[in-house]
Amino acid sequence: MEEDEGEIYQGVRAHFPATFGKQSKSVTPLESLHNATRRPSAVDTDQSTPNDDATTTTAKGFPSLSSSSKSWLDSLKNSNPSSRNRSSPNPDPDPNPNPKPNNDVVIGPPRPPLNSVNGDDDGDDDEDGMIGPPRPAAISEEEEEEDAEMIGPPRPPPGDSDVEEDSDGEGEGRFRIPLSNEIVLKGHTKVVSALAVDHSGSRVLSGSYDYSVRMYDFQGMNARLQSFRQLEPSEGHQVRTLSWSPSADRFLCVTGSAQAKIYDRDGLTLGEFVKGDMYIRDLKNTKGHITGLTCGEWHPKAKETILTSSEDGSLRIWDVNDFKSQKQVIKPKLAKPGRVPVTTCAWDREGKSIAGGIGDGSIQIWNLKPGWGSRPDIHVEKGHSDDITGLKFSSDGQILLSRSFDESLKVWDLRKMKDPLKVFEDLPNHYAQTNVAFSPDEQLFLTGTSVERESTTGGLLCFYDRAKLELVSRVGISPTGSVVQCTWHPKLNQIFATIGDKHQGGTHILYDPTLSERGALVCVSRAPRKKSVDDYEAKPVIHNPHALPLFRDQPSRKRQREKILKDPMKSHKPEIPMTGPGHGGRVGSTKGTLLTQYLLKQGGLIKETWMDEDPREAILKYADVAAKEPKFIAPAYAQTQPEPVFAKSDSEDEEK
């Protein structure tokens with residue numbers, strides 16, 4: 001039986017292209033990996049009716065060659081022995097005649113002859129129904145139809161989606177938003193406020209309110225999704241904007257400090273722009289920003305030019321090769337003299353215009369031309385009622401999108417900026433870095449929302465149709481974290497959204513295995529390396545001499561004082577000597593007040609004789625007592641003192 005099945009597989013294999021078997025082997029584990037990263041059901045993620053139809057298509061699961069072909073082969077495998085058992089009453093003679101016909105005809109022609117030979121007596125009706133070969137031929141036609149659908153696995157999904165596009169006309173079927181799967185790049189401890197993906201889609205930068213920048217590399221990252229480098233550009237300052245250069249060999253980092261930094265592709269510092277003199281009143285005379293930066297962006301075409309905006313009320317254009325002074329200082333037009341912060345800035349696609357969002361709610365646009373100054377070419381006084389957090393030009397230079405703290409997203413026509421084309425409201429925004437982004441074909445634009453205390457919805461990613469100016473889809477990203485930055489990468493066809501709160505932050509990557517390329521697909525399929533039996537890791541011997549009491553560091557003086565105060569012996573105040581001036585040997589200590597002490601002295605009850613006594617007489621007063629009772633000096637030498645030997649006087653000798 002095993003030989004029979006093997007030969008059947010060889011015959012079936014001849015109907016498929018040479019790469020069919022290899023492709024099925026490689027795709028099967030990938031499918032299981034992508035199933036692990038699939039997003040929840042449509043009820044949890046999508047809340048708009050247009051996208052409900054779209055999510056039902058994703059809930060079906062993406063069609064894959066491996067799953068369909070495997071099920072078809074399994075059906076073939078199961079059908080062979082069953083048909084064989086049904087057709088032939090004796091299963092033993094089957095292996096003998098089968099090999100020859102299988103070599104000539106692939107899809108089971110041997111079985112009809114067996115049916116006709118073994119069942120001639122019984123099979124008159126069967127011959128009318130089967131006629132031997134015709135029934136396999138019918139089976140082969142059905143299988144050929146299945147082959148026509150299954151041989152090109154990439155083609156059936158677009159065909160199905162084309163039908164859905166014609167029927168739906170809206171939602172994911174039309175715009176093909178990659179939403180089926182999701183991974184999260186973790187590592188930050190607070191909200192992720194800055195995001196930058198290089199143009200090739202291989203490296204991702206994320207900056208956070210925890211003052212750090214993390215660098216991720218899809219090509220070198222495995223399924224653990226760990227960053228390969230962490231930076232802290234400016235100690236104690238939030239990271240507000242990250243931007244890659246056009247060649248992706250350097251990136252700009254804008255923090256809450258007044259100095260922007262330039263790093264190379266590997267995270268090494270190349271330079272830091274100078275800080276201006278805060279005591280100079282005119283901002284055009286300072287060499288740099290004097291207060292914290294709010295936004296910054298690299299020129300889309302020029303490799304050496306960047307743009308920054310600051311809370312000092314100015315925009316500045318810098319040359320990357322000169323960190324000591326800026327090229328141009330732009331002061332926005334204000335209704336009243338003063339300093340109003342510039343909250344955000346943006347280049348257009350060609351780098352010929354600059355847009356700035358001013359703290360008073362106005363939007364100002366400058367066209368770069370010879371001899372241009374700070375006077376804006378387009379000035380919308382009351383663009384928003386609150387600070388503007390994000391601006392985005394369309395590639396054709398006709399549309400400008402603006403996002404603000406006033407919970408609105410406005411679409412402007414650059415040819416007439418008096419009134420917006422459309423205002424989308426009820427979009428909560430609590431972060432100054434919340435931006436707007438276009439899809440790769442610019443048929444859609446998207447933005448994120450923040451989480452409010454009383455609302456039941458979490459952080460959402462809202463998609464809008466540019467042509468119809470209406471909501472297309474609303475996707476739930478995080479139930480507790482606000483969506484701040486978002487971007488839709490054109491080469492990867494993957495959507496990046498940064499979320500977070502005061503306790504944690506991350507970057508969510510939405511993708512679809514049938515629509516997206518590289519990026520998240522590469523790192524998800526790369527499993528972490530398994531430990532081998534032959535792996536050896538020497539455990540280092542840690543020598544810590546300070547663990548011994550002899551080498552321990554002395555405690556601080558403060559701790560020493562606290563320890564001494566707790567010791568009753570060391571903290572005891574010594575007694576004052578009993579002898580001396582005052583009552584009972586204590587100066588100024590009496591049983592009464594000073595008044596009573598004075599009265600007692602006047603009355604003669606307290607006598608202080610030491611002031612009137614002669615010191616010589618006071619000492620000689622103890623001379624007789626010391627001679628009778630040698631208490632101090634004599635007893636110390638009583639046992640060791642030799643007996644005195646006195647010389648005899650000469651007078652006695654003379655007398656003799």
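This is a predicted model: local features need pLDDT of at least 70, side-chain atom pairs count only at pLDDT 80 or more; totals for chains, interfaces and linings use all residues.
The structure holds 11 aromatic pairs in total. Let us start with Phe 218 and Phe 496, whose ring centres are 6.5 Å apart and whose planes meet at 45°, so this pair is tilted. Where do the two residues sit? Phe 218 belongs to the loop between β4 (213-217) and β5 (229-231), while Phe 496 is part of strand β27 (residues 494-500), so the contact ties together parts that are 278 residues apart in sequence. Phe 218 is buried, with a relative accessible area of 0%, and Phe 496 is buried as well, at 0% relative accessibility.

Now to Phe 445 and Tyr 464. Their ring centres lie 5.6 Å apart with the planes at 20°, so the pair counts as stacked. Phe 445 is found in strand β23 (residues 444-448) and Tyr 464 in strand β24 (residues 459-465), and the pair links distant parts of the chain, 19 residues apart. Phe 445 is buried at 1% relative accessibility, and Tyr 464 is buried at 4%.

| Residue | Relative accessibility | Class |
|---|---|---|
| Phe 218 | 0% | buried |
| Phe 496 | 0% | buried |
| Phe 445 | 1% | buried |
| Tyr 464 | 4% | buried |

Which residues do ring pairs link into a cluster? The cluster consists of Phe 424, Phe 438, Phe 445 and Tyr 464.

Notes:
Residues are numbered from 1 along each chain as its sequence is written. Side-chain values use heavy atoms; hydrogens and water are left out. Rings of Phe, Tyr and Trp (its six-membered ring) pair if their centres lie within 6.5 Å; planes under 30 degrees apart count as stacked, over 60 as edge-to-face and the rest as tilted. Helices (H or I, at least four residues) and strands (E, at least two) are DSSP runs, numbered from the N terminus. Buried means under 20% relative accessible area, exposed over 50%, partly exposed in between (1.4 Å probe, protein chains only).
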